[in-house]
Amino acid sequence: MIRKYTSFLLLLLSVAVFASSAKTVTHDSKVDFELGTLHNVTILHDGKITPSPTITKLIDTGEPFIWSLAEGADGALYIGTGIEGALFRVTGKGDTSLFFDAPELNVFAIAVDARNNVYAATSPDGKVYKIDATGKSSVFFDPEAHYIWDLKIDARGDLIVATGEKAFIYKVSPDGKSTVLFQGEESHVRTLLLADGVIYAGTSGKGFVYRISPGKPYVLFDTQMKEVFALALSRDDFIYAAASGEAAMPMLPGMTTQAQKKQQEGGESSKSGEQSALGPQTVSPEGFALAARGAPTSLFRISSEGYGKDLWVGVDDKIQSLLSDGRDGVLVGSGKNGKLLAMNSRGELS
């Protein structure tokens with residue numbers, strides 16, 4: 001009896017084995033590889049895999065946020081944090097120290113001049129502090145603004161300061177004298193970019209990219225989003241702008257960007273064949289033009305004439321920071337998963 005049951009069981013197992021067949025699954029695309037967990041590899045835009053750049057941990061600040069980074073003339077790295085408003089210094093040899101402890105909660109922006117003086121912008125109720133090489137600090141500029149979002153030093157050594165809740169841009173000379181370069185209707189000037197004597201500014205409230213030079217400032221590009229929070233310049237003089245916010249922003253009748261003005265005047269429709277970022281539009285009952293947008297974050301590539309193309313379509317990761325790669329593309333720091341990405345001028349993402 002036991003032999004019968006044993007024979008019957010073996011027969012069932014044999015049938016089960018022969019009934020199943022082997023399957024081969026091939027993963028060979030960028031999309032396939034991105035579903036996995038990466039260890040010391042880079043996935044290129046065409047699906048190739050290469051060794052990743054070497055990663056070295058410089059410092060554990062003990063702070064929940066690192067808001068800003070700047071490099072000094074001597075190669076030292078300055079790191080602005082929150083919520084304790086601490087400014088750290090990391091030397092080229094890797095030595096770390098607390099360089100400045102601000103009374104305010106956050107150090108949102110840092111700039112370092114040719115003499116290695118460090119300027120730290122604090123918020124809320126922000127001030128700009130000047131800290132010399134010995135660590136001695138003093139209030140350099142108090143714009144009486146709730147937020148100071150960005151600092152840049154121009155070719156003449158003047159400090160350019162971007163503020164909010166009132167959207168101002170100031171120029172502060174080395175002796176501390178200030179002048180207003182720009183006063184916007186928006187809530188904040190979030191980011192600055194300096195190039196060949198021209199200031200580009202990204203705003204919040206209305207996601208505009210302004211061009212500010214000798215003469216009247218004007219809107220170079222309207223992202224149709226709520227906020228422009230990062231700008232970078234490529235070697236071929238295109239501006240990259242990271243924007244976020246509402247999917248469709250109203251555009252008042254009669255409001256035009258610089259690119260649209262050129263089109264209305266019979267100028268070229270686009271430089272290098274690029275399309276306007278306004279894309280397909282509909283008109284609401286109030287007569288406002290609305291751009292159809294789905295992504296919470298966009299990355300625009302904008303020509304000097306104001307023609308732009310959205311390169312971030314279909315990517316659901318939120319951009320946190322931008323840096324030119326020194327060529328025609330940009331490095332993108334993103335969350336929620338903390339990825340460092342490279343975007344070239346054709347919109348190919350690695």
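The model is predicted: local features need pLDDT of at least 70, side-chain atom pairs count only at pLDDT 80 or more, and totals for chains, interfaces and linings use all residues. Residues are numbered from 1 along each chain as its sequence is written, and side-chain values use heavy atoms, with hydrogens and water left out.

The side chains of Ser-345 and Asp-328 are joined by a polar contact of 3.0 Å (a pair of N or O atoms within 3.5 Å; within protein, one must be able to donate a hydrogen and the other to accept it, and residues adjacent in sequence count only if both atoms are side-chain atoms). Ser-345 counts as buried because its relative accessibility is 18%; buried means under 20% relative accessible area, exposed over 50%, and partly exposed in between (1.4 Å probe, protein chains only). Ser-345 lies in the segment after β28 (339-343); strands are DSSP runs (E, at least two residues), numbered from the N terminus.

Strand β13 (residues 168-172) has 4 of its 5 residues buried, so it is largely enclosed by the rest of the structure. Its pairings are tabulated below; two strands pair if DSSP finds at least two bridges between them.

| Strand pair | Sense | Bridges |
|---|---|---|
| β12 (residues 159-164) and β13 | antiparallel | 4 bridges |
| β13 and β14 (residues 178-183) | antiparallel | 5 bridges |

Leu-159 has Val-172 in β13 as its bridge partner, and Tyr-170 has Val-180 in β14. β12 and β13 form a hairpin with 3 residues between them. In the hairpin of β13 and β14, with 5 residues between the strands, Gly-176 takes a positive phi near 95°.
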